[in-house]
Each structure stands twice: as C-alpha cells, then as structure tokens.
Amino acid sequence: MNTVHTSLENADAMKTTFRVTTILINAILLLLRITLLLKKNEVLETLSKLDAFKNSLHNKSQASLQKYAVFACCWCFLHPATITIITTAEIFINPEKYPTVNPFVGRKSTWDQKMYFFIYIAGHTTVYLMHFLAFPGLVIVLLSFVYLSFVKTFQKHLEAVRIRLLERFSKVEISKALAIFTMAKKIHLNIEKSMQLFSFLAYVLIFSNILQLISGIVTSFMSDQEIVQGMYTYVTLGVTFVWFIALTLCGTQVEKTEFFIRNLSQDVITKNFGEVGLKKLVYMNLFNACANFELKFTGCGMFVVDKKLLLTVTGIMVTYGVLFATEVSKM
C-alpha cells in the first residue's frame, strides 16, 4: 500500500493513466485473491477430475508437463527475487542517487542503522513483488497447466479411440468412445465453470500492466534511475508479455483437439463406408452426434482464448502506445 500511495502522490510525470492503472491492478489482484478463496473447492475438484481422467489412460506420460509447471512456478519466484537483490544492491551502493533514502544511509548513519534500513527495503520490495508479480504469475501457471493438461490427456484418449475404432468398429468400442467423450464434456464444462473468471481477470490484469508500463516508459518514469527503471519497467513488461503469450498459446491448443476429432470421424466413416449394415449405420450416427461438440476456453464468455485474441490485444497495444506517445510529445 505504501508503494501505491507513493506512486499516486508523485505521479505528476506519469499522468492519469498511471494512476488509474495502479488502482485497477491492485483492485484486480484483490479480486483474484477473493475469487481464489471462494472457488478453491471448485478448482480442487477440477484438478481432481483431470487427474482421474489422466489415470484412466493405460499409457500415462505427463511427467514432463508437471515438470514444466514446477519450473514455471520456480520462475515466478525467481524473477521477483532477482529484482529485489539487484535494486537493493543498487540503492546500497549508490544511495546518493536516491534522495528519499539518502537521509537514512548518509554519512552520519551507523552501520547497524544502514543494515536495518536495507533489510526493511529488501523485505518491503519482496512483499510488494510477491503481490504484484509472483501471485498473478502462479495464477497464470495454474490456468495454463489446466488447459494443457486437459488437451494433452484428451488427445491421448482420442488417439487410443482412433486405433480401436479403425481396428474393430463394434458396439463395445463405440460405448467406450462415447464414455470418453461424455467424460471430456463434463471436465471441459467444469473447467469453464471454475476457471473462466480467473481467465478474465488474468487478461484484464495483463492489459492493465501493459498500459501502466507503456505509460511509464513514454513519460520517462524514473528515467534518472536507470537500473531501477530497467528492473521495474522493462523486465516487468517482458514478463507480462510472457504471461500473455503463454496463457494464450496454452488455451489455443484446444483447437488442435477439435481438428483431431473431425479427422477421427472422417477416418471412421471412410473405413466403414463400404460395409453395409443397419447396426453400423446407427453406431456411426451415434458416434458423430456425440463427437460433434465445441471445445473452447473463454473469459466469462466475453472472449475466446485463441490466436485471434493475441492479434487483437497486440494491435490495441500498438495503437495505444503510438497515440499515447504522440499526445505526450505535444505537451
């Protein structure tokens, strides 16, 4: 809160955009925490169903996905820790560049006073960055893991279904395939119900972060403090873009599953087209009816997480950046 208050009080050069986005970002982070508390049971239920869906496979090989998720979680903590160490060291080495801290670490200050002050600075910075970067990063890792886990598991089930149906198109195999489609529909619905609000808030947070960072760069916020500006502006902007690209690409993977289902239906029909039989015709119609469903991840139904979203938001950001830079140059 102290950081937010300082930003608002000293925002003459940052204009209104920086103030509004600062308030909006903290409001979204608060909403994310409240939503997580309210929906924790639904999230745990979704993860449990995904795990059961994966365990029903004969060939379980998703260890690599879990390793990537663990690595991404570690990276969420590593980035704030790096910023904290570098900025604290910079203030410690060059206190004269920072008038607000110079009275506490001036020549008259004792070594103990300096150490206590820098411990306070490091602690305050760590708490703020955990709030501002680590927590939303972990939420995005959770969303990405759920999206990818569902897609990869369903894909493996579909591959097994394809092999069985092409080898033996029978009532038993059709029943197994329909059971898998039914389970996948329920899990997809469960993911949408429990995760779509997180997805919506995550994209609004990403959008607000980018707006704030662009306004900070254009208005030369902290331009006289290059290392601190680099850590808090350029590096954070890069991390935000990584969030945006990673979450969008993970959500887009479900399109490949839809394409695979269409090809699966065509392959089964082509394989059994020449075989006449009322039962097989009934089986085909039943299979096509169950296999014909739409797979997509949304943000509260307001937008679909796909490649079009990537292009749309990028275009908005470029347009806003150009207009904002033009207006600032006129002042």
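Predicted model: local features only at pLDDT ≥ 70, side-chain atom pairs only at ≥ 80, totals over all residues.

Residues are numbered from 1 along each chain as its sequence is written, and side-chain values use heavy atoms, with hydrogens and water left out.

**Annotated spans.** Select 20–38 and 117–148, which are among the stretches listed as "transmembrane region" in an unreviewed UniProt entry (annotations may be inferred rather than shown by experiment). Residues 20–38 are 100% helix, with end C-alpha atoms 27 Å apart; for residues 117–148, also 100% helix, the end C-alpha atoms lie 44 Å apart. Helices are DSSP runs of H or I, at least four residues, numbered from the N terminus.

**Tyr-116.** Next, pick Tyr-116 in helix H5. Is Tyr-116 buried or exposed? Its relative accessible area is 61%, so Tyr-116 counts as exposed (over 50%, with a 1.4 Å probe and protein chains only).

**The second largest pocket.** Now select Tyr-68, Ala-72, Val-141, Ser-144 and Ala-246, which lie nearest the centre of this pocket among its 17 lining residues. A pocket here is an open set of points on a 1 Å grid over the protein atoms alone, with protein on both sides within 12 Å along at least five of seven lines; lining residues have an atom within 4 Å of a point. Colour H4, H5 and helix H7 (226–252), each supplying at least two lining residues; H4 gives the largest share, 7 residues.

Notes: Buried < 20%, exposed > 50% of the residue type's maximum accessible area, 1.4 Å probe, protein only. 1 Å grid on protein atoms, 1.4 Å probe; cavity = no way out; pocket = protein on both sides within 12 Å on 5 of 7 lines; lining within 4 Å.
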